[in-house]
Amino acid sequence: MSTVYNFCAGPAMLPPPVLAKAQAELLDWQGQGVSVMEVSHRGAPFIALAKESEADLRELMNIPDNYHVLFMHGGGRGQFAAVVNNFLGNHGKALYLISGQWSKSAADEAIRLVGESQVDTIEIVSKVNGLNKVTVPDFSVSSEQYRYLHYCPNETVNGIEMFEEIDAPWPVIADMSSTIMSRPVDVSKFGLIYAGAQKNIGPSGLSIVIVRKDLLELPIVNPSSIMDYRIAAQHDSMFNTPPTFAWYLAAEVFKWLKQIGGVAAIEGMNKQKAELLYQCIDHLPFYKNGVDPQNRSRMNVTFQLADEDLNKVFLADAEAQGLVALKGHRIVGGMRASIYNAMPLEGVQKLVDFMTDFAEKHS
Ligand code: PMP
């Protein structure tokens, strides 16, 4: 067993028991003498896998029956485009709440897709101030007509998380790529939830879409058939060949999560891990994190060294101890420890011990 703890923001570490199972059945899946990658997605074994994985995800997230669950291609960014194509009719307007890098990228994609002549159809409300605190406006009193409100509850790059669901008179669309299944959410508060898989679900190449069925009855612009939610729903996510290996691993991750107690149980563990790391950062003047405590991400803990000249040494020493991929995103610099569902408490404890020793040695 590897002694490396991988803090990569994504593709991120997967639960070791899931990888071990995949390894054991790689050459012979379900007694067929071939791997899961080499069988038809329309054959009975894969259809059974697809059905079971959807049922498991529904159970884990308590997804009501009036929602479709879709397994799609194209990662998070694919959904930036699909959302616009599926919901922004020729005369509609959409509202984008910006709280960091990824919500901004989603808005940029929407602006690109509607084109210059219709740029007014995308409205932007930027709600993260210098203290890295997100203040959500009271949308419930708005008389504006938007097709949807888009936001990103966990900003992977900035380490900013919004824990409260948003109340709005329009369908709320959430990019949950880096927080899905890390804590319970009330799905019924959302029009659509999407997530690229490569953090809490499985390998990249797959994205999950959970969409309220009645929203698919609205008139639409003309999305490509592969990005059309209606077609995906009609074909049980098999209009074209789905990313079968990624789907298989996601199915195993869902089983693993159920086995360890589900989303409520993992939330307890995630809180414990994040508290341990933020306590270390707050107690040692050698480190700082500028995010308001109410918006500190449980999944992506960003921090800076008081002396930035030590960044390279910090990363090299950490790596020598088996603590890898701690470098912050190039846009914000500093460090980032991504501690998704699969990261055990021991990994965070080892990081905290290392950070404590490093601060002592260099203070
Ligand atoms: N949204 C969020 C919140 C992300 O963290 C990422 C990737 N890190 C994306 C979207 C883009 O995902 P992809 O690279 O799969 O397109």
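Which residues does R42 touch, not counting residues up to four places away in sequence?

Tutor: The model is a predicted one. In this model, R42 touches I47 and M238, once residues up to four places away in sequence are set aside. R42 itself belongs to the loop between helix 1 (16-24) and helix 2 (44-61). R42 counts as exposed, because it has 9 C-beta neighbours inside 10 Å and a residue with 12 or fewer is classed in that way. The UniProt record, an unreviewed entry, places the feature "binding site" at R42.

N154 is buried, because 28 other C-beta atoms lie within 10 Å and the cut-off for burial is 20 or more. Leaving aside neighbours within four places in sequence, N154 is in contact with E161, S178, T179, S297 and M299. N132 is 22 residues from N154 in sequence, and the C-alpha atoms of the two are 13 Å apart in space.

These two positions belong to a protein with nine helices and 14 strands. The radius of gyration is 21 Å, close to the 21 Å that the globule rule gives for 363 residues, so the protein is as compact as a globular protein of that length. Along the principal axes, the C-alpha atoms fill a box of roughly 60 × 60 × 35 Å. Of the 363 residues, 43% count as buried. Among contacts with a separation of 6 or more, 70% join residues 24 or more positions apart.

The interior can now be considered. In soluble globular proteins, nonpolar side chains tend to be buried together. Here the largest nonpolar core has 97 residues, of which Y96, L149, L192, V209, A250, L277 and I339 touch the most other members. Helix 6 (residues 244-259) gives the most to this core, contributing nine residues. Both domain 1 (17-259) and domain 2 (260-362) supply at least three residues to this core. For V209, the contacts beyond four places in sequence are L70, M72, Q79, L192, Y194 and Y229.

Notes. Residues are numbered from 1 along each chain as its sequence is written. This is a predicted model: local features need pLDDT of at least 70, side-chain atom pairs count only at pLDDT 80 or more; totals for chains, interfaces and linings use all residues. Two residues are in contact if their C-beta atoms, placed from the backbone, lie within 7 Å. UniProt positions are given in the numbering used here, feature names are shortened, and annotations may be inferred rather than shown by experiment. Helices (H or I, at least four residues) and strands (E, at least two) are DSSP runs, numbered from the N terminus. The radius of gyration is taken over C-alpha atoms; the globule rule is 2.2 Å times the number of residues to the power 0.38. A nonpolar core is a set of buried Ala, Val, Leu, Ile, Met, Phe, Trp, Tyr and Cys residues joined through C-beta atoms within 7 Å. Domain bounds come from an automatic or database domain assignment.
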